[in-house]
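Biologist: Could we go through this model together, one question at a time, before anyone builds on it?
Modeller: Gladly; here is the structure, and the questions can follow.

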Amino acid sequence: MANDHIDLTVEPGEVHALLGENGAGKSTLMNQLYGLLQPDSGEIVVDGTPRTFRSPRDAIAAGIGMVHQHFMLVPVFTVAENIALGAEETRGGPLGWLDRRRSRRDVLETSQRYGLPVDPDALVENLPVGAQQRVEIVKALTRDVDLLILDEPTAVLTPQETEDLLAVMRGLAESGKSVVFITHKLKEVRAIADRITVIRRGRTVGTATPDTAEDELAALMVGRAVSLEVQKTPAEPGRPVLKLSGLIVEDDRGVRAVDGVDLVVHAGEVLGVAGVQGNGQTELVEAVLGLRPPRAGTIQVDNEDLVGMSTKRILRSGVGYVPEDRSTDGVVKEFTVAENLVLDMYDRAPYGNAFRLDARAIATSAAERIKQFDVRTPSADAAVGTLSGGNQQKVVVAREMSRPLRLFIAAQPTRGVDVGSVEFIHSRIVHERDVGTAVLVVSSELDEIIGLADRIAVMYRGRILAIVSPDTPREEIGLLMAGITDGSAAPEPGTPGAAEKGTT
Amino acid sequence: MSHISTATEQDLAEATAPKRFWNRQRRLGTALVAIGVLAAALFGALAPSETARFTLSEDAEGAALSINGQLGAVLFGIVAIGAGVALLVGVAKRWQTTLLGLGIVGFVLSFLCWQVAGKFMPLVDTASGSLELALPLILGALAGVLGERSGVVNVAIEGQFLMGAFAAALVGTMATSVWFGLLSAAVGGALIAAMLAVLAIRFLVDQVVVGIVLNLFAVGVTGFLYERLMQPDAQSYNTPPQMETWRIPVLADIPVIGPVLFETNFLVWLALILVVAIHFGLSRTRWGLRTRAVGEHPTAADTVGIRVRGLRYANVLVGGLVAGAGGAYFTLVATGSFTKNMTSGAGFIALAALIFGRWTPVGALGAALFFGFAQKLATYLSAVGSPVPSQFLNMLPYLATIVAVAGLVGRVRAPAADGQPYLKS
C-alpha cells in the first residue's frame with residue numbers, strides 16, 4: 001500500500017509543499033488526484049463538491065493541472081503542438097482541422113502573461129530540460145487550472161533555474177491559484193511554502209510552517225533525527241589514479257556528449273562531478289567503464305590504458321562502479337540478494353569456477369556482507385526487487401566495494417534512496433576514500449556533491465568548466481552549472497573550461 | 001537570463017566541433033558513384049548498339065522516345081556518377097534527396113537502355129501496369145501507417161489481404177455485385193484487424209507474434225473454405241464480377257498521364273484519395289495529432305485526457321478496412337477468382353513499403369510505386385527474353401527495405417512507442 005488514509009487540504013492562493021522521502025507516497029497521492037490512479041477509499045473534494053476522477057480528463061475538467069516528474073511531452077512535436085494536444089483549437093471538419101495559428105497565439109499569450117518564455121515553434125527534443133519544464137507549466141496554465149501540482153520539479157534544474165521556478169510559483173499563488181509543490185528538498189520548501197505537509201510511508205505525519213528548522217523537518221520526514229552533514233576529515237590525496245585526457249564521447253544519437261574532458265582523480269580523494277543531468281556525465285562514466293567506446297582521448301588507471309578493454313576486465317582490474325540507473329544496470333531484480341552480491345565474481349574462487357557455483361561460499365559471504373552493509377532484507381534469498389530502493393543500493397555498494405579497488409565510481413549514488421540509507425552510503429564512500437581509493441562521484445544533487453567531494457568538477461555541455469573547492473559558495477557553482485564562467489570562480493590552470501570565459 | 005547564455009554556448013560548441021568525415025552525404029555519394037560506374041561500364045559494355053524505343057502506344061509503332069542503347073546505358077550511368085560526385089563534393093542539404101533520386105533514376109534508365117536496346121517498351125502500359133501492381137501495396141502500407149503511427153505494429157497485412165480477397169470473391173459472387181464484394185473485403189480485413197487489436201491492445205500479446213499468427217490463421221480459414229465451398233461449386237461461390245475500367249472524358253485524353261490515371265478502376269482512385277486524405281489527416285487534424293502523440297508517447301497523451309487505447313482500436317480497425325479493400329484487388333481486379341494463398345507475400349511487401357516509406361502515407365505511396373515498377377519490369381523482362389532473371393527484380397522490395405532499415409537512405413525511425421502496449425502504471 002502506497003497511501004494509507006492521507007488527509008490534505010489546499011487553500012486557494014497558497015503554495016502547499018508536500019514533503020517526503022523517495023517512496024513515501026507523494027507521487028502516488030498526486031496521481032490519484034490527477035486521475036491516473038484510483039484510490040481504494042476516501043474522497044476528493046474540489047470547491048466544496050466531492051468528485052471522482054476516472055482519468056486525467058476528469059481532473060483537467062475540475063481545474064487540476066500537473067507537471068510530472070518525468071515530463072509528459074512528445075519529443076518530436078513542437079512546443080505549440082505539445083501544448084495544444086488534448087485541447088486542440090480546431091476549425092471543425094470530421095477529424096478536426098487544426099487551427100495552428102490560434103494554438104500558437106494561445107501559447108505566446110500564456111507565456112507572456114506568466115513570464116515563462118517559450119518558443120512555440122521549437123521542437124521539444126531540442127530544448128534543454130529547463131525549457132521543457134516551462135513548456136509543461138505553460139501547458140497546464142493554458143487549461144485554466146485552479147490547482148497546479150508540481151512533482152519534484154527542481155530535480156532537473158540548476159540552482160538559478162530553481163530560483164526562477166520558485167518565483168513563478170509565487171506569482172501563480174499571488175494570482176489566486178493553488179500550487180502543490182512535491183519535493184524532498186528542505187531548503188526549497190522553507191523558501192517557498194506557505195504550509196508544509198509531511199508524508200512518511202503513505203501517512204501524513206504532520207504539518208509544519210516554513211519557519212520550522214531544517215533538521216526538524218528532516219526528522220519529521222525520516223521519523224528520527226538524522227545528520228544532514230557528511231562526516232569526514234580533510235583528504236590526503238596521493239598518486240594520480242584515474243587520468244582522462246582529451247576525452248570525446250558521443251551519445252546514442254551521435255552527438256558529442258563529452259567534448260574534450262581532461263580530468264585527474266587522485267588516490268584518497270573524492271572528486272565530485274556536479275552538473276545538471278544530461279550534460280555528459282552519464283557518457284563520461286560509461287566511457288571509463290568501457291560501456292561506451294570513446295571517439296577520442298585516453299583513459300588511464302595507474303598508467304594502464306582502459307580504452308578498448310572489456311568492461312569485465314576493467315571491473316576486475318580494480319574499478320568499482322555504482323551505476324546511475326540501479327534497476328536496469330545495478331541489480332538483477334529477480335535474483336536473490338546473495339546472487340546479486342556475487343554478480344561480479346561468480347566465476348572466481350571462492351564463489352565458483354567456470355562450471356559450477358559454490359552455494360555455500362556464496363551464502364556465507366552474503367550473510368557477512370548483509371550485516372556489514374546493513375542491508376535490511378528478510379533473508380539472503382529474497383529477490384532484490386522486493387527490497388526498498390535504499391537497500392537495493394546497499395547491495396550494489398556492498399558488491400562493488402568487495403573487490404580490491406583502485407578506483408570507485410558512483411553515479412547518482414543516493415537517487416531514490418531513503419535518508420537513512422543515504423547517511424550510510426555516504427559514510428561508506430568516505431571510508432573507501434580514507435583507505436586510499438580514488439573516488440569519482442557524479443550527482444545532480446549539488447548538496448550531495450558539496451558534502452562528499454574534496455574537489456568539485458562542474459560539467460556543462462560535455463566540458464569541465466571549472467574545478468572548484470567545496471567551500472565555493474553554492475551560487476557560484478550554480479552559475480557554473482548553467483554554463484556561466486565569468487564569475488570569480490577561477491578554473492584551475494590547464495582546465496579546458498578556461499578558454500570559455502566571457503561567452504555570456 | 002541564463003537560458004540566453006546557454007543558447008550562445010551551444011551555438012559555439014556546434015560551430016567548432018569538427019564533423020565526422022564519413023557522414024551520410026558522403027556515404028550516399030560513394031554508393032551512387034559505385035552503381036553509376038557499374039551502370040556505365042557493365043550495362044554500357046553489354047548493351048548492343050541498337051535503338052531502344054520507349055513508345056507511347058501499345059506496340060512498336062507511333063510516337064516514341066528513342067536512344068541508342070549503348071549510348072543511353074553509358075550516358076545515364078554517367079548521370080548517376082555525376083549525382084554521386086556532387087554529393088561527395090558537398091551540396092546544400094535540401095538538394096540531397098533530389099540528387100539521390102536523380103542518381104537512382106539514372107541507374108534505372110541505364111539498365112533499361114541496355115535491356116530495351118533493339119526492342120521497344122510501351123511506356124503507358126508500363127506505367128499503368130506498375131500502378132496496378134502497386135495498388136494493393138499502397139492500400140496495405142496505408143493500413144500499416146494507420147496502425148503503426150498510433151503505436152500498434154501490423155504484421156497481419158498479409159492476412160488482411162487474404163481475408164479481403166476471399167470475402168470479395170465470395171460475397172461478390174453471391175450478390176453478383178462488385179460493390180458488395182469490395183465492402184465485404186473491407187469488413188474481412190477489419191475482422192482480422194479486430195482480432196489484432198483485441199489481442200495486442202487489450203491482452204498485451206506481443207504484436208509481431210500476433211500478426212504472424214493471424215496471417216497463418218487467414219491462410220488456414222480461407223484455404224479450408226476454398227476447398228470445401230468454392231472448389232466444389234465455383235460457379236455459385238467463386239466467380240466474382242470484375243471491377244470495370246472507368247474513363248473520365250476530357251482528362252483521359254492527356255497523353256501518358258491520361259490513360260494511366262483517368263482510365264482505370266475505382267480502387268486506384270480510392271487508394272490515391274486515401275493517400276492524400278491520410279497525409280493531411282495525420283499532419284493537419286486533431287485526429288492526426290492525437291494519433292501521432294499516442295504512437296510516440298502514450299503516457300503523455302493520457303495525461304492530457306486522450307483515450308489512448310480507444311484511439312488505437314479505431315486506427316487499427318480503420319486500417320483493417322483499408323487493407324481489406326486492398327485484398328479485393330486480387331479477386332476483383334487482378335484475377336477473376338480466389339485461389340488458395342493467392343496473395344503470396346504481397347502483405348509483406350506492403351510492410352516493406354511502409355518501412356521504406358518511413359511510416360508516412362506519401363512515402364509509402366512512393367515505395368509502393370517503386371516496388372510495383374520492379375514487378376512490372378520483371379514481367380516485361382521475361383516477356384522479351386532478357387538474360388537477367390526476373391527473380392532478381394522480385395528481390396528488389398526486400399533488398400530496398402534492408403537498405404532502408406540499415407539507414408543508408410535517410411534515417412528510418414519508427415514511431416517511438418510502435419509495438420509497445422499501453423499499460424496504466
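Modeller: In chain A, helix α6(A) lies across β1, β5 and β6 of chain A and runs at about 150° to β6(A). Helices (H or I, at least four residues) and strands (E, at least two) are DSSP runs numbered from the N terminus, contact means C-beta atoms, placed from the backbone, within 7 Å, and angles run from 0 to 180 degrees between N-to-C directions of axes fitted to C-alpha atoms, for helices over the stretch in contact. This is a predicted model, in which local features need pLDDT of at least 70 and side-chain atom pairs count only at pLDDT 80 or more, while totals for chains, interfaces and linings use all residues. Residues are numbered from 1 along each chain as its sequence is written, and chains are lettered from A and ligands numbered from 1 in the order in which they are written.

Biologist: Which strands of chain A stand at the edges of the open sheet of 6 strands?
Modeller: The sheet has mixed pairing and the order β4-β5-β6-β1-β7-β8, where two strands pair if DSSP finds at least two bridges between them. Each edge strand has a single partner, so one side of each is left without a neighbour in the sheet, and these strands are β4 (64-67) and β8 (203-208) of chain A.

Biologist: Which residue has a positive phi although it is not a glycine?
Modeller: Most residues other than glycine have a negative phi. The residue in question lies in the loop between β5 (147-151) and α6 (159-174) of chain A. With a phi of about 45°, it is Glu152(A).

Biologist: Where in chain A is the pLDDT below 50?
Modeller: The pLDDT, the predictor's confidence in each residue from 0 to 100, has a mean of 88 in chain A, with 95% of its residues at 70 or more. Where pLDDT is low, the predicted coordinates should not be read in detail. One stretch has 35 contacts in the model beyond near neighbours in sequence, yet its pLDDT is below 50: residues 488-504 of chain A.

Biologist: What are the edge strands of the open sheet of 3 strands in chain B?
Modeller: This sheet has mixed pairing and the order β2-β1-β3. Pairing on one side only, the edge strands are β2 (64-68) and β3 (120-122) of chain B.

Biologist: Are α5(B) and α14(B) roughly parallel or roughly antiparallel?
Modeller: The axes of helix α5 (residues 123-149) and helix α14 (residues 308-334) of chain B come within 8 Å and cross at roughly 170°. Angles under 35 degrees count as roughly parallel, over 145 as roughly antiparallel, 65 to 115 as roughly perpendicular and the rest as oblique. The crossing therefore makes α5(B) and α14(B) roughly antiparallel.

Methods. Contact = placed C-beta atoms within 7 Å.
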